[in-house]
Amino acid sequence: MSLRELAGQYSAAQLRTVDAALELFADHGVGGTSLQMIADTLGVTKAAVYHQFNTKDAIVLAVIEVYLASLEEALEEAEAAGGTPKARAALLSRVIDGAVERRQAVSTLQNDPVVVRVLNEYEPSRQLWGRLFAVVLGDDLDDRARVRAAVLSAAIGSVGHAFVTDVDDETLKTQLRDVTRRLILLPG
């Protein structure tokens, strides 16, 4: 099942819980966020949160599925276009746009140890990242390409860095597109 299909199974109430949890995860980390904090943010009881998700791990997984679902759509479009430089650049731009528009989420997804562990262990996530980096890099993911993918990921993940918190979104998008295109040798 695709991440979009998985994310599409969540109810409106579950999606509100996911949004609240992601905000709290960004502020407190997964370990520092309790189900009670999520309930308080939503203005519901802890039992109501348990009704939506049985565990905090289930909420973390839902956060990942919902966040990555939008990347999957962009990836499928790039794959359908055949991995041309234009398709690669368009996919890279969409990844950057999404990262800038969700700066706190990206910082959480890249830096929280619980989220990093789940991203690395959850097979749909691993498959998505493998496909995405293979298309963006225009390469099989051998050791050399995986190092380039990690550097590219870190560059995009810089949206949450203290040096750029005051940089407006459009400037940040433009600069990240320029830096990452040069990094992966895509025409400007």
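## Terms and basis of the model

Helices are DSSP runs of H or I with at least four residues, and strands are runs of E with at least two; both are numbered from the N terminus. A pocket is found on a 1 Å grid over the protein atoms alone: it is an open set of points where a 1.4 Å probe fits, with protein on both sides within 12 Å along at least five of seven lines, whereas a cavity is a set from which the probe cannot get out. Lining residues have an atom within 4 Å of a point.

The model is predicted, and local features need pLDDT of at least 70, side-chain atom pairs count only at pLDDT 80 or more, and totals for chains, interfaces and linings use all residues. Residues are numbered from 1 along each chain as its sequence is written, and side-chain values use heavy atoms, with hydrogens and water left out.

## The largest pocket

The largest pocket holds about 710 Å³ of space, a volume being the space filled by probe spheres set on grid points that are joined across faces, edges and corners. Its lining has 22 residues, and those nearest the centre are Gln110, Asn120, Trp129, Phe133 and Ser153.

At least two lining residues come from each of α5 (56–80), α6 (85–101), α7 (103–111), α8 (113–121), α9 (123–137) and α10 (143–157). The largest share, six residues, belongs to α10. By class the lining comprises 15 nonpolar, five polar and two charged residues; here Ala, Val, Leu, Ile, Met, Phe, Trp, Tyr, Cys and Pro count as nonpolar, Asp, Glu, Lys and Arg as charged, and the others, Gly among them, as polar.

## The second largest pocket

The second largest pocket has a volume of about 240 Å³. Val18, Asp19, Leu22, Glu23, Ala26, Val63, Val66, Tyr67, Arg102, Gln104 and Ala105 line this pocket.

The lining of the second largest pocket divides into seven nonpolar, one polar and three charged residues.

## The nonpolar core

A nonpolar core is a set of buried Ala, Val, Leu, Ile, Met, Phe, Trp, Tyr and Cys residues joined through side-chain atoms within 4.5 Å. Buried means under 20% relative accessible area, exposed over 50%, and partly exposed in between, with a 1.4 Å probe and protein chains only.

The largest nonpolar core has 55 residues, of which Ile59 and Leu91 touch the most other members. Helix α5 supplies the largest share of this core, 11 residues. Leaving aside residues up to four places away in sequence, Ile59 touches Thr17, Ala21, Phe25, Leu35, Ile38, Val49 and Phe53, where contact means heavy atoms within 4.5 Å.

The expected span of a helix is 1.5 Å times one less than its number of residues. Helix α9 has 15 residues and reaches 21 Å from its first C-alpha to its last, close to the expected 21 Å. Its buried residues are Ser125, Leu128, Leu132, Phe133, Val135, Val136 and Leu137, and their cover includes α1 (3–7), α5, α6, α8 and α10. Just after α9, Gly138 takes a positive phi of about 65°.

Helix α10 likewise has 15 residues and spans 21 Å between its first and last C-alpha, close to the 21 Å expected. In α10, Ala145, Arg148, Ala149, Leu152, Ala155, Ile156 and Gly157 are buried; these residues pack against α6, α7, α9 and α11 (169–183). Ala150 is also found in α10, but counts as partly exposed because its relative accessible area is 47%.

## Individual residues

Arg177 lies in α11 and counts as buried because its relative accessibility is 18%. Apart from residues up to four places away in sequence, Arg177 touches Ser93, Ile96 and Asp97.

Ser107, in α7, is partly exposed, with a relative accessible area of 22%. Ser107 and Gly160 are 53 residues apart in sequence and 5.2 Å apart in space, C-alpha to C-alpha. Beyond residues up to four places away in sequence, Ser107 touches Asp112 and Gly160.
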